Amino acid sequence: MYRKVKGFRDIFGSEAAAWERVERAFRDTFHTFSFSEFVLPVLERTEVFNRGIGSTTDIVEKEMFAFEDRDGTQVALRPEGTASIVRAYVENKLFNPPEVKKYFYMGPMFRRERPQKGRFRQFFQAGVEVFGTSAPALDAEVIHLLDTLAVNAGIGDMVTMEINSIGCPACRPGYQEKLLNYLREHSSELCEDCVRRLDRNPMRILDCKNEKCKGVTSEAPVMLDHLCGDCVEHFDNVKEYLDDFGVEYSVNKMMVRGLDYYVRTAFEMVTTSLGSQNAVGAGGRYDGLVKLLGGPEIPGIGFALGIDRFVSLLMLKEEVEEQKADVFVIAFKDVSDRKAVQLLRWFREKGIKTLMDYDMRAMKKQMKKADQSGARFTLILGEDELEKGEVSVKDMHSGGQELVQIDKITDYISDKLG
Ligand code: HAM
């Protein structure tokens, strides 16, 4: 017997049913906000992620499924969608004509993290990316969209939104200098990982979950107090528009993101219901990324949410049932099997969910199956009924049974189903 690869998983049964519900809510919501779908490759040149996400990030340093293809090309299974879509945006010259482009995507991502509850090596994201404007109203709209996705997927009451501004190339270097000075003074109190981060990526230390480091960083200078005038104005505007969109949020001064491309607005949707994996969705502005990956200077913003985590939250709240048939057809071999197949076709042409047991065993066994299937109606195609051009219809809710003309049966069931 073979077993699945560590960190990868199978999704079926009620989880798949919840998955389908959530994905459908996502698609509807994306369309309401006027986003178009972008289907991206799962494999990219490794360089796209090294440059896009940043060479000192956890993802690039230790989490990519990267390998050399048979022709010597260095490739990686995508750990996220943003660098990928920026590559596609530049390669397909989607900046011509210069207008705002709003895309959404859904699909698997791959990170070789330590698997634990809510954290997998193949997980699924739904995300959006918008190119072409740095207007703060867009930041607010994108955050509003993430919020709306949670509401429409049925988990709005289980999540909260946190926002922050992490500055721009004008104000961040000065702040980083201050932060570094402070952290160096306290380096003996930091964990091993953070000592290493000091020279490479000091802002990430603010995100460390180690209690000792938290003690140090609680007193550290924060970016929000060192923003330049433009960043302050941008952040103030974003907050005003969020109020207008009716989004509830709190400002988390300690939030830094684990990917290097962010500037200004950063946000995370968090939950207290999933243990330590508390982020269900996150994103931010990345105004320099298109240029970094070889395109013109075009601003962008987006987010991605964890579908696995959304589904886990929904399943904590309610049991999502698998789809049930409307009609179960009982037929008998060499008597009514061909008529039954014809009925299946008629029903399905009308979009009525229909099912039969092709093994066509004894009536009692088939009745039991019909019962288990949860179908609303069971049709019995017995020899006597068939001779009279009729079918026996049992209403599985009321238990009542009646005879209906076969050529009227689809209309009869449609009416009953309303
Ligand atoms: P991220 O914060 O790395 O951002 O991931 C976004 C979401 O993906 C997380 O909040 C979490 O729900 C889910 N996620 C991440 N890793 C795992 C995992 N190992 N298992 C299960 N779920 C996971 C990004 O990926 C950015 N590309 C978001 C973005 C888009 N920023 C701008 N545009």
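1. Contact of helix 1 with helix 11. In this predicted model, helix 1 (residues 13-32) meets helix 11 (residues 307-317). Helix 1 contributes Ser14, Glu15, Ala18, Trp19, Arg21, Val22, Glu23 and Phe26. Helix 11 answers with Ile307, Asp308, Phe310, Val311, Leu314 and Met315. By class, nine of the contact residues are nonpolar, one is polar and four are charged.

2. Geometry of that pair. The axes of helix 1 and helix 11 lie 9 Å apart, and the packing angle is about 115°. Helix 1 is therefore roughly perpendicular to helix 11. The crossing of the two helices is right-handed.

3. Helix 2 and helix 4. How far apart are the axes of helix 2 and helix 4? The distance is 9 Å, for helix 2 at residues 46-53 and helix 4 at residues 82-91. Their angle is about 110°, so helix 2 is roughly perpendicular to helix 4. Val48, Phe49, Gly52 and Ile53 of helix 2 touch Ala83, Ser84 and Arg87 of helix 4. This contact counts four nonpolar residues, two polar and one charged.

4. Strands 5 and 6. Two strands of that order, strand 5 (residues 101-110) and strand 6 (residues 122-131), are antiparallel partners. Ten bridges link strand 5 to strand 6. For a landmark, find Pro108: Phe124 in strand 6 stands opposite. As background, strands of a sheet pair through backbone hydrogen bonds, either parallel or antiparallel.

5. The hairpin of strands 15 and 16. Strand 15 (residues 390-395) runs antiparallel to strand 16 (residues 401-405), and five bridges join them. Lys394 faces Gln401 of strand 16 across the pairing. Five residues lie between the strands of this hairpin. Which residue of the hairpin takes a positive phi? Gly399 does, with a value near 85°.

How values were computed: Residues are numbered from 1 along each chain as its sequence is written. This is a predicted model: local features need pLDDT of at least 70, side-chain atom pairs count only at pLDDT 80 or more; totals for chains, interfaces and linings use all residues. Side-chain values use heavy atoms; hydrogens and water are left out. Two strands pair if DSSP finds at least two bridges between them. Helices (H or I, at least four residues) and strands (E, at least two) are DSSP runs, numbered from the N terminus. Axes are lines fitted to C-alpha atoms, for helices over the stretch in contact, and angles run from 0 to 180 degrees between N-to-C directions. Angles under 35 degrees count as roughly parallel, over 145 as roughly antiparallel, 65 to 115 as roughly perpendicular and the rest as oblique. Contact means heavy atoms within 4.5 Å. Ala, Val, Leu, Ile, Met, Phe, Trp, Tyr, Cys and Pro count as nonpolar, Asp, Glu, Lys and Arg as charged, and the others, Gly among them, as polar. A crossing is left-handed if the near helix is turned anticlockwise from the far one by less than a right angle, and right-handed if clockwise.
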